[in-house]
Amino acid sequence: MKVTIERLGHLGDGIAEGPVFVPMALPGEVVEGDVEGGKMAAPRILEPSSDRVKPPCSHYKSCGGCSLMHASDAFVANWKQDVVRRALETHGLTAEFRPIQTSPPQSRRRAGLAGKRTKNGAMIGFHTRASGIIIEIPNCKLLEPAVKESIPALEALTIAGTSRKAEISFTVTQTLGGVDVLAQGGKPLDGPLRIELAGIANQFGLARLTWEDELVCEIYAPVQEFAGHRVTPPAGTFLQATKDGENALVSAVLETVSGAEKVLDLFSGCGTFSLPIAEQAEVRAVEGEASMLTALDQAWRFGKGLKHLTTEARDLFRRPLLPDEIKGFDAIVIDPPRAGAEAQIAEIAASNARLVSMVSCNPVTFARDAQTLVGAGFEIGFVQVVDQFRWSPHVEIAASFLRR
Ligand SMILES: C[S@@+](CC[C@H](N)C(=O)[O-])C[C@H]1O[C@@H](n2cnc3c(N)ncnc32)[C@H](O)[C@@H]1O
């Protein structure tokens with residue numbers, strides 16, 4: 001079958017009339033191949049797009065870690081801006097878009113890697129796009145060098161800590177103290193295994209090793225710096241994917257709340273925004289995960305030149321802050337997970353809040369929540385798209401809302 005690609009879907013696949021989904025194809029391209037279940041798994045490109053480039057990574061053809069490496073940077077940048085623009089248009093909204101900020105190659109400081117024992121040792125990598133088996137990624141262009149250099153340690157942990165057939169997942173995070181590793185799906189931890197795993201962590205200079213939810217060892221403090229303030233996040237909790245992306249989001253948030261004296265930081269995590277804001281304003285950080293707030297509180301106590309900061313552990317989906325609790329804050333920062341913040345945004349809309357800095361990783365829920373604010377009298381100031389998941393279809397957004 002021969003088809004012409006009309007557009008990209010939200011996972012970055014080409015879509016032709018039918019619809020027929022064609023991975024790694026670009027709008028305008030004419031492709032040919034067998035179609036099964038609405039998918040052309042192995043297309044031959046008959047007429048390539050002028051936006052097509054040679055993928056910079058030798059693993060790209062099979063690795064499932066990236067999905068847009070066959071497109072030029074300019075194409076991906078425009079496409080990501082358009083995804084956000086179209087999501088807003090669906091709700092009748094328009095906005096001023098700033099130029100996208102894209103993280104450089106080899107800047108992903110946090111990644112999920114899979115491991116499996118083999119006849120001669122172990123293999124570590126990403127899953128393949130088609131079959132979900134593990135592919136090794138020695139030439140990966142995505143990961144921070146420190147994350148990639150942890151692969152021999154992950155191999156040793158896989159050999160020691162998994163049975164022959166099982167697959168293990170690692171969340172690997174670059175920290176100032178070295179690499180922080182959380183392993184899930186390995187053998188149950190007992191005394192001898194704990195000693196062996198701690199020996200491996202020591203041998204390879206890991207900062208911290210956590211097995212399921214048990215700390216095996218912390219050899220160096222797995223510290224992150226937010227605006228120079230040192231935080232030790234709990235193992236496996238949220239961290240912006242690249243330092244570059246974090247800087248872009250923080251500067252958009254700081255610009256929005258500049259001049260405010262009391263700021264509410266909702267879904268605050270360990271304080272990516274709270275700590276930089278506390279250099280100029282009082283902050284109340286609210287977040288569902290109590291251990292993240294303990295880390296933030298400790299960082300604040302040791303921080304220099306910070307204004308007053310308080311924390312509250314609270315489920316903001318079930319118990320959003322009410323208008324009375326929002327009263328008295330000059331600005332609100334809100335950075336929910338992918339589901340967005342429907343309940344909390346409804347309370348903000350019903351309150352007398354004037355300034356909101358919204359950060360989002362999902363254009364669909366971002367646009368829905370933006371519409372609620374606009375319906376309550378807010379105007380969108382700017383929209384800043386941040387691409388910290390380079391070569392993937394993910395999009396990050398920071399936007400400002402002002403009620404006159
Ligand atoms: C996208 S992260 C943002 C974290 C932080 N603002 C940052 O940039 O590092 C979303 C945060 O929401 C928290 N969260 C998820 N569901 C929640 C809920 N129902 N109530 C409160 N916080 C929640 C997560 O623990 C996570 O820290």
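This is a predicted model: local features need pLDDT of at least 70, side-chain atom pairs count only at pLDDT 80 or more; totals for chains, interfaces and linings use all residues.
User: Why is threonine 242 called buried?
Analyst: Buried means under 20% relative accessible area. Threonine 242 has a relative accessible area of 1%, so it is buried.

User: Where is threonine 242 found, and which residues does it touch?
Analyst: Threonine 242 sits in the loop between β15 (229–231) and α5 (243–257). Residues up to four places away in sequence aside, threonine 242 touches Ser103, Ser107, Arg108, Arg109 and Gln388.

User: What makes proline 222 count as buried?
Analyst: The cut-off is under 20% relative accessible area. Proline 222 is at 1% relative accessibility, and therefore counts as buried. Its place is the loop between β13 and β14 (224–226).

User: Which residues is proline 222 in contact with, leaving aside its neighbours within four places in sequence?
Analyst: Contact means heavy atoms within 4.5 Å. On that basis proline 222 is in contact with Thr175, Asp180, Ala207, Arg208, Val231, Thr232 and Pro233. For proline 222 and threonine 232, the C-alpha atoms are 5.8 Å apart in space, with the two residues 10 apart in sequence.

User: How do you know that the span of helix α1 agrees with its number of residues?
Analyst: The expected span is 1.5 Å times one less than the number of residues. For the 18 residues of α1 (residues 73–90) this should be 26 Å, and the end C-alpha atoms are 26 Å apart, so the two agree. Just after α1, glycine 92 has a positive phi of about 75°.

User: What do the buried residues of α1 pack against?
Analyst: They pack against β1 (2–8), β6 (96–102), α10 (363–375), β21 (378–387) and β22 (396–403). Among the buried residues of α1 are Phe75, Trp79, Val83 and Leu88.

User: How do you know that the span of α10 agrees with its 13 residues?
Analyst: At 1.5 Å a residue, α10 should span 18 Å; its end C-alpha atoms are 18 Å apart, so the span agrees. Just after α10, glycine 377 takes a positive phi of about 105°.

User: Which elements do the buried residues of α10 pack against?
Analyst: They pack against α1, α9 (342–350), β20 (355–360), β21 and β22. The buried residues of α10 include Phe366, Ala370 and Leu373.

User: What makes β9 and β13 the edge strands of their sheet?
Analyst: The open sheet has seven strands in the order β9-β8-β7-β10-β11-β12-β13, with mixed pairing. β9 (134–136) and β13 (214–218) each pair on one side only. From one strand to the next, the twist averages 35°.

User: How do you know that β10 and β11 pair?
Analyst: Two strands pair if there are at least two bridges between them. β10 and β11 have seven bridges in the antiparallel sense, so they pair. They form a hairpin with two residues between them, and threonine 171 stands opposite leucine 182 in β11.

User: What joins β11 to β12?
Analyst: Four bridges join them, and the two strands run parallel. Valine 181 stands opposite leucine 209 in β12.

User: Why is β11 described as largely enclosed by the rest of the structure?
Analyst: Because five of its seven residues are buried.

User: Which residues are closest to the ligand?
Analyst: Of the 17 residues that surround the ligand, the closest are Gln240, Thr272, Glu287, Leu316 and Asp335.

Key: Residues are numbered from 1 along each chain as its sequence is written. Side-chain values use heavy atoms; hydrogens and water are left out. Buried means under 20% relative accessible area, exposed over 50%, partly exposed in between (1.4 Å probe, protein chains only). Axes are lines fitted to C-alpha atoms, for helices over the stretch in contact, and angles run from 0 to 180 degrees between N-to-C directions. A residue is near a molecule or strand if one of its heavy atoms lies within 4 Å of it.
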